[in-house]
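Here are my notes on this one, written to be read with the model open beside you. Take the points in order and find each residue as you go.

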Amino acid sequence: VFNWWLNLDSEKYRKWFHDHRDWVWRGERSKNGTRHGQNVFIHEIVEGYEFKFHGKLIEMEENSHLLFRHLFLPLSFSFQFNPGQTGTDVIFTLNAGFKGFLGWLSDPVIKLLNGSNLKKSHVVEEHRRLEDIIAD
C-alpha cells in the first residue's frame, strides 16, 4: 500500500476515482529513492467544487504514514497505514485552519462555509474504491 502511494501518478489517480483529475510529483526523488521533501500538485472535484492542492510531502515513514502540507495555506492531510491480519487499514486525516487568535476568528467561518458532511461522502466513496484498486 505504501509503495502504491509513492508511485502514484496522474493515470493511476484518474483510474482510482471519477472526480480525480491530476496528481503530479514535482522535482526529483531524493538520493535514497524516496519522495520525502518532494512537491506535489493534486487536482480533483469535491462535491462539485474544484480543489487544487500545491503542497509538499513533509513527513514519511515507510509502511507507516505520509504527511502532505500545502505550500501557502494552513492545510495538510495525511495517510496512516496500519497493517493487520486481513490487510492494511488506511486512515485519512485532513487538517485545515489557523492556530491561536487567527484560528479563533476564522474557524467559525470555515465551519460555516464547509459544513460537517460536505466532503464526507466523497471521501467514503473514494476510499472504498481505493481498496479495489490496490487489491488488483
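Predicted model: local features only at pLDDT ≥ 70, side-chain atom pairs only at ≥ 80, totals over all residues.

**Notes on the sheet, the core and a few side chains**

1. Start with strand 3 and strand 4: they run antiparallel and are joined by 6 bridges. Strands here are DSSP runs of type E with at least two residues, helices are H or I runs of at least four, and both are numbered from the N terminus. Two strands count as paired if DSSP finds at least two bridges between them.

2. Residues are numbered from 1 along each chain as its sequence is written, and side-chain values use heavy atoms, with hydrogens and water left out.

3. Now follow the chain onwards. A hairpin of 4 residues leads from strand 4 to strand 5, and this pair is antiparallel too, with 5 bridges. Phe 68 has Phe 77 in strand 5 as its bridge partner. Next, strand 5 and strand 6 run antiparallel with 10 bridges, and Ser 78 is partnered by Thr 93 in strand 6.

4. Put together, you get an open sheet of 6 strands in the order 1-2-3-4-5-6, with antiparallel pairing. Strand 1 and strand 6 (87–96) are the edges, each pairing on one side only. From one strand to the next, the twist averages 25° (axes are lines fitted to C-alpha atoms, for helices over the stretch in contact, and angles run from 0 to 180 degrees between N-to-C directions).

5. How enclosed is strand 4? It is largely enclosed by the rest of the structure, because 5 of its 6 residues are buried. Buried means under 20% relative accessible area, exposed means over 50%, and partly exposed lies in between (1.4 Å probe, protein chains only).

6. The largest nonpolar core has 23 residues, and Trp 5, Trp 16, Trp 23, Leu 66 and Phe 68 have the most contacts inside it. Such a core is a set of buried Ala, Val, Leu, Ile, Met, Phe, Trp, Tyr and Cys residues joined through side-chain atoms within 4.5 Å. Beyond four places in sequence, Trp 23 touches several residues, including Trp 5, Tyr 13, Ile 42 and Phe 68 (contact means heavy atoms within 4.5 Å).

7. Have a look at His 20 in strand 1. It is buried, with a relative accessible area of 2%. Its side chain has a polar atom 3.0 Å from the backbone oxygen of Tyr 13, and a polar contact of 2.4 Å joins the side chains of His 20 and Glu 126. A polar contact is a pair of N or O atoms within 3.5 Å; within protein, one must be able to donate a hydrogen and the other to accept it, and residues adjacent in sequence count only if both atoms are side-chain atoms.

8. Finally, Ile 133 sits in helix 4 and counts as buried at 10% relative accessibility. Ile 133 and Trp 4 are 129 residues apart along the chain, yet their C-alpha atoms are separated by 9.8 Å.
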